[in-house]
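Visitor: Could you take me in for a close look at a single residue here, and then show me the protein around it?

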Amino acid sequence: MSRWPKPAEGSWTEHYPELGTAPVSYEDSISPEFYELEREAIFKRAWLNVGRVEQLPKVGSYFTKELDVARTSIVVVRDAGGDVRAFHNICRHRGNKLVWNDFPREETSGTCRQFTCKYHGWRYNLGGALTFVQQEGEFFDLDKSDYGLVPLHCDVWAGFIFVNLATTPEQSLPDFLGPMITDLDGYPFDKMTERFYYRAEVGANWKLYMDAFQEFYHAPVLHARQTPAKFSTAAQQAGFEAPHYRIDGPHRLVSTSGIAAWELDPDMRKPMEDITRSGLFGPWDAPDLGVGAMPVGLNPAGCDPWGLDSFQVWPNFVILIWAQGWYLTYHYWPIAPNRHLFEGTAYFVPARNARERVAHEMAAVTFKEYGLQDSNTLEATQTMLESRVVTAFPLNDQEILCRHLHKVAADWVDDYKRQGAGV
Ligand code: FES
Ligand SMILES: [Fe+2]
């Protein structure tokens, strides 16, 4: 059986019998007990993307990342040899958070030659070794080599930095990502270094916002004033809002066809889009990426015209690549059963002039507008799910990726419980 069915073959969901077609419970998005299990079963076992190598441009560059869901903070640094390393952000003397600025709970970044604790001045080099202890002679048989920073597993794929909090990860990063994601190798992520970053605390479970960005069933309704009727020509032909869905292990993909924004009926566009030559789909004038064929993993259904691919990397990371030569990443960091921190980042080939810069800013703010519309319903959904008045919800064929996300979360939690029970 083909794992990558074409629309002509019928239902997407029924091509993945393990997903079933029954109504789905959202107990996993409201239960404090399930959230506690997710910390261990998911966020301390999966590879987590924490940033890009461009955030560490030189030796000594570092950034911190607050991983509330795993109850830790980490510091990611480019060491003296140029490698990217990650450590738990805790001083080995008396447990102070090692790297922070004005506010201990806020993330920070910068460049340094060593890390110095703000409490008693212990120092660590970029490789995590303890190099200096204030009044070392007053300690008792202290061997500095026993007190380096606590490392965590760290690896880089295509410039994306991943960490893993497990003592021994169950899979290497490439094995974890699998072919659907690693087939993006060769995409010029490294050329798209102009970054626009948004973050917002959202009053909903992390999976609910992921759901909002992995189906287009809502688009004609929630984005009614923005959705062009001809948003997706091939999708209309196929009878789907998006013509291609794919599942590979715990990861998901939705690929859409697209129509060039400038070919839309002018009534469908805002005047600002014509003035800036940009909008939701990105700048109308795509950059010259200076590469030949795109990687095989892109536009897997061969949509023509192609619109975008949204790769949902388990558990909480999305790479969304637009046909117009730019990309977005989303991160959904849980902070409570009913809250998470959403990060949206847009990446462009650096503007060469003011017109290009304005086009990038237009795309970035248009994305933010859509993101606000999407997140606006989530708190309303969360509060009513918590009422438990209704406990099973029917998902349609276009919502296959939502069905898959909740199934994978349940599977990982079940697997963790089985391991704990020694089964
Ligand atoms: S806690 Fe860091 S030097 Fe004392
Ligand atoms: Fe949306």
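Guide: Happy to! Let's begin at a side-chain contact: the side chain of N164 reaches the backbone nitrogen of A166 at 2.8 Å. Keep in mind that this is a predicted model. A polar atom of the N164 side chain also lies 3.2 Å from the backbone oxygen of R45. Both are polar contacts by the cut-off of 3.5 Å between N or O atoms.

Now for where this residue sits. N164 belongs to strand β10, which covers residues 160-164. Its relative accessible area is 1%, and because buried means under 20%, N164 counts as buried. Leaving aside residues up to four places away in sequence, N164 touches K44, R45, A46 and W47, along with L152, H153 and P169.

Stepping back, strand β10 is part of a protein with nine helices and 17 strands. Of the 423 residues, 53% are buried, and N164 is one of the buried residues. If you count contacts between residues at least 6 apart in sequence, 67% of them join residues at least 24 apart.

As for overall dimensions, the C-alpha trace spans about 75 × 55 × 40 Å along its principal axes. The radius of gyration is 23 Å, which agrees with the value near 22 Å that a compact globule of 423 residues would have.

The protein carries 40 positive and 55 negative side chains, with the centres of the two sets 5 Å apart.

Note on methods. Residues numbered from 1 in each chain as written. Chains lettered and ligands numbered in written order. Predicted model: local features only at pLDDT ≥ 70, side-chain atom pairs only at ≥ 80, totals over all residues. Heavy atoms only, no water. Helix = DSSP H or I, 4+ residues; strand = E, 2+ residues; numbered from the N terminus. Rg over C-alpha atoms; globule rule 2.2 N^0.38 Å. Buried < 20%, exposed > 50% of the residue type's maximum accessible area, 1.4 Å probe, protein only. Contact = heavy atoms within 4.5 Å. Lys, Arg positive; Asp, Glu negative; His and termini not counted. Charge placed at Lys NZ, Arg CZ, Asp CG, Glu CD. Polar contact = N/O pair within 3.5 Å; in protein donor to acceptor, adjacent residues only side chain to side chain.
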